[in-house]
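Here is a short tour of a model, meant to be read with the structure open beside it.

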Amino acid sequence: MAKLTSWLRDQPIKTALLRLILAGTLIAGLSIVVYLLLWNALISLLAPYVTPTWLIAVTILFVTGAIGGSLAILIAIMTAAARLFYRVKQADPLQQLETGVARIHAQDLDFHLTPTAPDELGALVQAFEKMRQALQDALQTAWRLADDQKQVNAAFAHDLRTPLTVLQGNIELLTLQKAGQPLNPDIMQDMQQQLDRINRFIQTMTHITAIHNIALSPTPISPSQLTQQLKDEAQKLAGTIPFTWHEELPAAPDHPLAVAPAAILEVFDNQLTNAFRFARTTVGITVTVGKKTVEIAVCNDGPLLTPAEQANAQLPFFSSGKAADHLGVGMYICKTLCTAHHGSFSVANTAHGVTATARFAYL
């Protein structure tokens, strides 16, 4: 029975159903023949004792027993075949699908569906599992984006208080001035600086919102072209700080990569800006083009990160010492763009300083 069950489970539904019907029909036919022979033998044993008066009744009994018994055998065997077919081919996948629908309706996506047979229902269960996984990934992404947006809004509101407080204080000082008294140029300059800072905040918020909603699409570019663009960008931003360059390209450096060069360049710009800002004497750049990812590591020999800085470096508007031109969003933008590129971003202390590593999976 176990071998029959295993054999049926591996068959396509149509094949299994037809073969079960054929087998059930053959078994039922043989069983009916055996039954009719036994029934005929039983009636034959009773024939010597049947009087002419009871002949018609015995004939009706014989015909009714033959037909009724045959139908009962046929129904019993075909019912058993149908139950076997349902139990082996349909019960488990249908139960999984029903449970999956109920859990999705309850907004619970923390489960897995496993096909039990390589047939049509198994393919349906596998497709349902892919749909569940895609839905779970989409919801997790939406929750992460909502949480990131909440962090950005909270950080923006927190950092906006300082320029607004300064502006409020300056306005109060101006209202205390007597009519006709000339405006204090220091106050006016301070107010202009704070307004410029608020404008930069607003521009940064607009850029972050655009990044959150970005949908990256691949633009074919060869590894040699990509690394040349990155090297040119490094030379533009280097200034007085020298940098070392190391690249590892595949055997076919002209084979196009499925990446978004604009996103990679923006992340690289933020890595370089941060590295040249903190470097003491040099910056090291390593670009590795692998089979599945492009990895860019930028190391500077500046001061090591404190535990608090390591924990919070990728949070929006975080900076250990914010200057007017450094609002603390570079690493956060790197993290967001790397995630959108199906990769990752990390910042860590190393033996030579601090290294920011960006990984981009092929789209």
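**Briefing: loops, helix pairs and a strand cysteine**

Glutamine 107 is exposed, with a relative accessible area of 74%; exposed means over 50% relative accessible area, buried under 20% and partly exposed in between, using a 1.4 Å probe and protein chains only. This is a predicted model, in which local features need pLDDT of at least 70, side-chain atom pairs count only at pLDDT 80 or more, and totals for chains, interfaces and linings use all residues. Residues are numbered from 1 along each chain as its sequence is written, and side-chain values use heavy atoms, with hydrogens and water left out.

**Two loop residues with positive phi**

- Glutamine 107 sits in the loop between α3 and α4 (120-176); helices here are DSSP runs of H or I with at least four residues, strands are E runs of at least two, and both are numbered from the N terminus.
- The phi of glutamine 107 is near 60°, a positive value in a residue other than glycine.
- Histidine 342 likewise has a positive phi, of about 60°, although it is not a glycine.
- You will find histidine 342 in the loop between α9 and β4 (344-350), and this residue is exposed, at 57% relative accessible area.

- Helix α2 (residues 13-46) has 34 residues and should span 50 Å at 1.5 Å a residue, the expected span being 1.5 Å times one less than the number of residues.
- The end C-alpha atoms of α2 are 48 Å apart, which agrees with that expectation.
- The buried residues of α2 are Ile13, Ala16, Leu20, Gly24, Ala28, Ile32, Trp39 and Ile43.
- An α-helix has 3.6 residues a turn, so residues three or four places apart point the same way.
- The axes of α2 and helix α3 (residues 55-105) come within 9 Å and cross at roughly 155°; axes are lines fitted to C-alpha atoms, for helices over the stretch in contact, with angles from 0 to 180 degrees between N-to-C directions.
- That angle makes α2 roughly antiparallel to α3, a term for angles over 145 degrees.

**Glutamine 96 in α3**

- Helix α3 also holds glutamine 96, which is buried at a relative accessible area of 15%.
- Beyond its neighbours within four places in sequence, glutamine 96 is in contact with Leu113, Thr114, Thr116 and Val125, where contact means heavy atoms within 4.5 Å.

**Helices α7 and α9**

- Helix α7 (residues 261-278) and helix α9 (residues 330-340) have axes that come within 9 Å and cross at roughly 150°.
- This makes α7 roughly antiparallel to α9, and α7 passes α9 in a left-handed crossing.
- On the α7 side, Ala263, Glu266, Val267, Asn270, Gln271 and Asn274 meet Gly330, Met331, Ile333, Cys334, Leu337 and Cys338 in α9.

**Cysteine 299 in strand β3**

- Strand β3 (residues 293-300) contains cysteine 299, a buried residue with a relative accessible area of 17%.
- Leaving aside neighbours within four places in sequence, cysteine 299 is in contact with Thr282, Val283, Gly284, Thr350, His352, Gly353, Val354 and Thr355.
- Cysteine 299 and glutamine 177 are 122 residues apart in sequence and 53 Å apart in space, C-alpha to C-alpha.

Key: Angles under 35 degrees count as roughly parallel, over 145 as roughly antiparallel, 65 to 115 as roughly perpendicular and the rest as oblique. A crossing is left-handed if the near helix is turned anticlockwise from the far one by less than a right angle, and right-handed if clockwise.
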